[in-house]
Amino acid sequence: MFTTNQSTLNYPYQNADLKISERIEDLLQRMSVYEKIGQMTQLDITLINTTGKQKDVILDPEKARDLIRNHHIGSFLNGEAVKPGTWYRFMSELTRIAVEETRLGIPVIYGIDHIHGASYLEGATIFPQSINLGATFDPKHAHNAGWVTAAESFDIGHHWIFAPVLDLGANPLWPRFWETYGEDPYLASLMGSANVEGVQKNDDIRPLKQAATGKHFLGYSDPRHGWDRTPAHLSMQQIHEFHRPSFQKAIDAGLKTIMTNSGEINGVPVVASHDILTKLLRDEMGFEGVVITDWDDIGKLVDLHYTAGNYKEAVYSAVQAGIDMSMTPEHLEFNKSLLELVDEGRITEERIDQSVLRILKLKFELGLFENPFPRDDRFHRIGHPENRQKAFEAAKDSIVLLKNDGNLLPAKQSKRIGLFGISANSKRNLSSGWTIAWQGGKEERYPVHMHTIYTALGEEFPETEIKLFTKDDVPDAKTITDSEKKRFVNKLNSFDLLIFAGGEEPYCEFTGNISDLSLPKDQLNLLKLISGSETPVVLILVQGRPRIITELIDDLDAVIHAGLPGFEGAKAIAEVISGKVNPVGKLPFSYPMHPNYLVPYNHKKSNLYSFDPEKANRIVKTNDSPSLFPFGHGLSYTTFSYSELKLSSEAIRQNGSIKATLTVTNTGSRAGTETVLWFISTHVGRITRPVKELKHFEKAHLHPGESKTVEWMITPETLSYPDENGRKIIEKQSYSLIVNGLKRDFKME
Ligand code: BGC
C-alpha cells in the first residue's frame with residue numbers, strides 16, 4: 001500500500017516560501033539511508049522501458065515503480081530521438097510515480113546527451129558539433145546552442161543536459177575530438193561558459209531551470225596513445241595551465257553539475273582520485289554542485305582499470321574520492337554496496353548527506369519540487385524557424401576555407417559539376433554521434449526537410465547539372481588498369497568542377513578509435529584518381545578530426561573544412577561554395593602535416609629543435625611549421641591586411657596595463673569578417689612556455705577598402721600562468737605581442 005504525498009503530506013520541505021537550505025534540512029532528516037542512496041543513483045532508460053532497448057521511450061510502469069518506490073532511484077538517463085509527445089508521455093508517467101506514489105514525493109531528474117541541440121528529440125533544431133562552434137570563434141553561437149537546447153527540451157521533462165564537453169581538443173586522434181571546442185584553453189573557456197549560460201540562464205523556460213554538465217573532469221582528452229579512455233600522463237602544472245581553465249570559467253559562470261573522466265591520469269583513475277575530485281575541484285576550484293560519474297565508471301575500476309578487486313571496493317573508493325551520483329547505470333549493485341558500506345561504518349552517513357544535500361539542492365534550484373511535470377502546450381517551439389536560423393548562422397560561421405588556389409571558389413554557375421565522396425549525399429555524416437542515437441541514427445531517421453550536400457548544391461546551383469557519382473559509378477582505384485583510368489579521367493574532363501565530399505562516417509567514443517590519422521586509403525586513392533583530370537577539384541572535409549591529406553594537398557585546387565556542421569550544415573556549405581556566404585571560420589586546432597607529429601600550436605619552444613642532417617650532428621631550429629594548416633587559419637573571399645600594431649608603452653607594471661592597437665583593412669573587393677587573434681609569447685619562463693598563447697580575439701566586419709582600428713588592454717593577469725600548485729606566476733620578463741605576423745616586444749617590470 002502507498003499513500004500519495006500530495007494528499008497526506010504537508011511538510012516544511014514542500015513549502016516553497018522557505019529557503020532552499022531549510023527545505024533540504026527538513027527533507028534530509030526524514031530520509032532513510034537507503035532513500036538517500038537512491039538519490040545518489042542514476043539508472044538507464046533500458047531498466048524502465050518496455051523492451052529494454054535504448055530506442056524504446058515507452059515506460060513500463062511496473063519496472064519504474066519497483067525502482068522508484070522500493071529502491072528510491074532519483075535519476076534516469078538516456079534514450080533516442082522520438083516525437084515530443086512520446087517523451088512527454090514517458091516523462092509524465094515517470095514523474096507521477098516519483099511524486100505521487102512515494103512516501104516523500106521527491107521528483108526524479110532526467111539526464112540526457114542533448115549535446116548540440118535536443119539531439120534525442122525528433123524535429124529539434126540541431127546545431128553544429130562543438131568543434132565547429134570553436135571554428136566560429138564566436139561565443140554567441142555556443143550560447144545560442146545552449147539556449148535553444150534548453151528551450152526545446154525542458155518542456156518534455158529533460159532537466160539535465162550532459163553538455164558542454166569542456167575537454168581540450170589536445171589529441172586529434174582522440175575519437176571525441178569533435179565534441180571539444182578545439183585545442184586552445186582560452187577559446188574553450190569562452191565557448192564552454194557561454195554554452196553553460198545559454199542552458200542555465202534561459203529566461204524562456206522560466207520559472208523552471210535546466211542544468212548543464214561540464215564534462216569530463218578532467219584531462220580525459222589527452223591520452224598518450226589517442227584512444228578513448230586510455231591512460232593520460234599529465235603533470236599538475238599541465239592540468240592547471242591547459243585542462244583546468246575551461247572548467248574553471250564554466251564553474252565561475254554557475255555550472256551546476258560535472259561529469260567525471262572515466263580514464264586514468266598518472267596511474268590513478270579519476271573517479272577514484274580524491275586529489276582531483278575533492279582537493280582540486282572542490283577545495284581549489286570552488287565547485288559546489290553535483291559530481292556525477294560517467295557511464296559505469298565505478299564498474300570500470302573493477303574491469304577496466306583493475307584498481308578495485310570488487311564492485312563494493314570500487315564504490316568505496318569513488319565515494320571517498322568525492323562523487324555525488326553514480327551513473328551506475330544498469331543494475332542496483334551501487335545501492336546495495338553503498339548501503340553495506342554505511343552499515344559497516346566504512347562510509348559515514350555524514351558523507352552520504354554531503355552528496356544528497358547537493359543533489360536535493362539541484363532539484364530544488366531547478367524548480368522540480370514545484371513544477372515536476374512536463375508540459376505539452378509549447379511543442380510548436382521545437383524546431384522553430386528562428387531556432388533553426390540560429391543553427392544555420394552557426395553552421396555558416398563554422399565553415400573553414402583552407403585552400404583556394406587561383407580563387408577557384410566561389411564557384412560560378414557551371415554547366416556540369418561532378419560530385420563524389422561518402423558525404424556527398426549523406427545526412428548522418430554531417431552530425432556524427434550523439435545525434436538521433438548514440439552512434440548517429442540510420443539515414444532515414446533524419447528530417448525529411450534536411451539537405452545533404454548534393455541536394456543543397458542543387459538548390460544553390462539551379463542552372464547546373466550535378467552528377468552524383470555513387471560507389472558503383474567509380475572504378476576501384478586499387479585494381480584499375482591504365483586504360484580504364486584514362487577513360488575515367490577523360491570522362492571527368494568534360495565537367496567544369498569536381499567536388500569530393502569525404503571525411504568520416506559517424507562514430508562516438510571508442511568506436512572511433514583509429515591507429516592512423518590519414519584520410520582513409522580508399523578516399524585518398526579515389527581523390528588521386530580524380531585529381532588526375534584537368535578539371536579543378538574541391539575537397540570538402542566532413543569529419544570530426546583532422547584526417548591527414550598532406551600527400552595530395554598539391555593536387556587539390558580548393559579545400560573546405562566543413563567539420564560536423566549539423567542539420568543546417570549542407571546549406572551552409574553550398575552557400576560557401578556559391579559565394580553567397582563569405583567564409584569566416586578559422587581552425588580551432590592545428591591541422592597536422594604528418595601522422596606521427598601531432599603538435600598543438602601552443603607547443604613548447606623545444607618542440608621546434610631537431611637534428612639537421614645537413615649540419616652534421618647539430619641541433620637546429622626547424623622551420624616553424626609543424627602543421628599543414630596552422631591554428632587560426634581560414635581564408636576569406638576577400639583579403640585583409642594588418643598594420644600599425646602599436647603599444648601605449650613598452651613596459652607594464654604590477655597593477656598597470658598597456659593598450660595595444662592595430663589596424664585591419666579589407667584590401668579585397670567584397671565585404672568580409674576577419675577574426676583578429678592576439679597572441680602573447682613569454683620570452684623566458686621558470687616553467688617552459690608555449691611558443692605563443694591566444695589571449696584575446698575579436699571580429700572586424702569590413703567593407704571593401706574599409707579599415708578598423710581594434711584595441712586590447714594587456715594586463716599582468718593576461719601574462720600570468722600557473723605553477724604546479726595552481727598559483728599564478730608573472731615573470732618579470734620580456735614578452736612579444738603577436739598578431740598575424742606583426743610583433744611588438746614589451747617588458748613586465
Ligand atoms: C559518455 C558521456 C555521456 C554518458 C551518458 C558516456 O559513455 O562518456 O559523455 O554523457 O555516456 O550517455
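## Helices that cross

Helix α15 (residues 385–398) and helix α19 (residues 569–578) cross at roughly 45 degrees, and their axes come within 8 Å. That angle makes α15 oblique to α19; angles under 35 degrees count as roughly parallel, over 145 as roughly antiparallel, 65 to 115 as roughly perpendicular, and the rest as oblique. Axes here are lines fitted to C-alpha atoms, for helices over the stretch in contact, and the angles run from 0 to 180 degrees between N-to-C directions. The helices (H or I, at least four residues) and strands (E, at least two) are DSSP runs, numbered from the N terminus. The crossing of α15 and α19 is right-handed, a term used if the near helix is turned clockwise from the far one by less than a right angle, with anticlockwise giving left-handed.

Helix α19 also meets helix α16 (residues 453–460): their axes come within 8 Å and cross at roughly 45 degrees. That makes α16 oblique to α19, and this crossing is right-handed. Elsewhere, helix α2 (residues 20–28) packs against helix α14 (residues 349–365) at an angle of about 130 degrees, with the axes 10 Å apart. These two are therefore oblique to each other, and α2 passes α14 in a right-handed crossing.

## About the model

Please keep in mind that this is a predicted model, in which local features need pLDDT of at least 70 and side-chain atom pairs count only at pLDDT 80 or more, while totals for chains, interfaces and linings use all residues. Residues are numbered from 1 along each chain as its sequence is written, and side-chain values use heavy atoms, with hydrogens and water left out.

## Around the ligand

Now to the ligand. There are 13 residues around it, and Asp-113, Arg-176, His-216, Arg-229 and Asp-294 come nearest; a residue is near if one of its heavy atoms lies within 4 Å. The shell divides into 6 nonpolar, 1 polar and 6 charged residues. In this grouping, Ala, Val, Leu, Ile, Met, Phe, Trp, Tyr, Cys and Pro count as nonpolar, Asp, Glu, Lys and Arg as charged, and the others, Gly among them, as polar.

Oxygen atoms of the ligand lie 2.7 Å from a polar side-chain atom of His-216 and 2.8 Å from one of Arg-229. For Asp-294, an N or O atom in the side chain is 2.5 Å from an oxygen atom of the ligand. Taken alone, the ligand exposes 310 Å², and the protein buries 95% of that; such areas come from the Shrake-Rupley method with a 1.4 Å probe.

## Backbone details

His-216 returns here: a cis peptide bond joins Lys-215 to His-216, with omega about 5 degrees. His-216 has its place in strand β5 (residues 213–217). The peptide bond from Ala-163 to Pro-164 is cis as well, with omega near 5 degrees, and Pro-164 is found in the loop between β4 (160–161) and α8 (185–200).

Trp-434 is not a glycine, although its phi is positive, at about 50 degrees. This residue sits in the loop between β12 (416–420) and α16.

Technical notes: A polar contact is a pair of N or O atoms within 3.5 Å; within protein, one must be able to donate a hydrogen and the other to accept it, and residues adjacent in sequence count only if both atoms are side-chain atoms.
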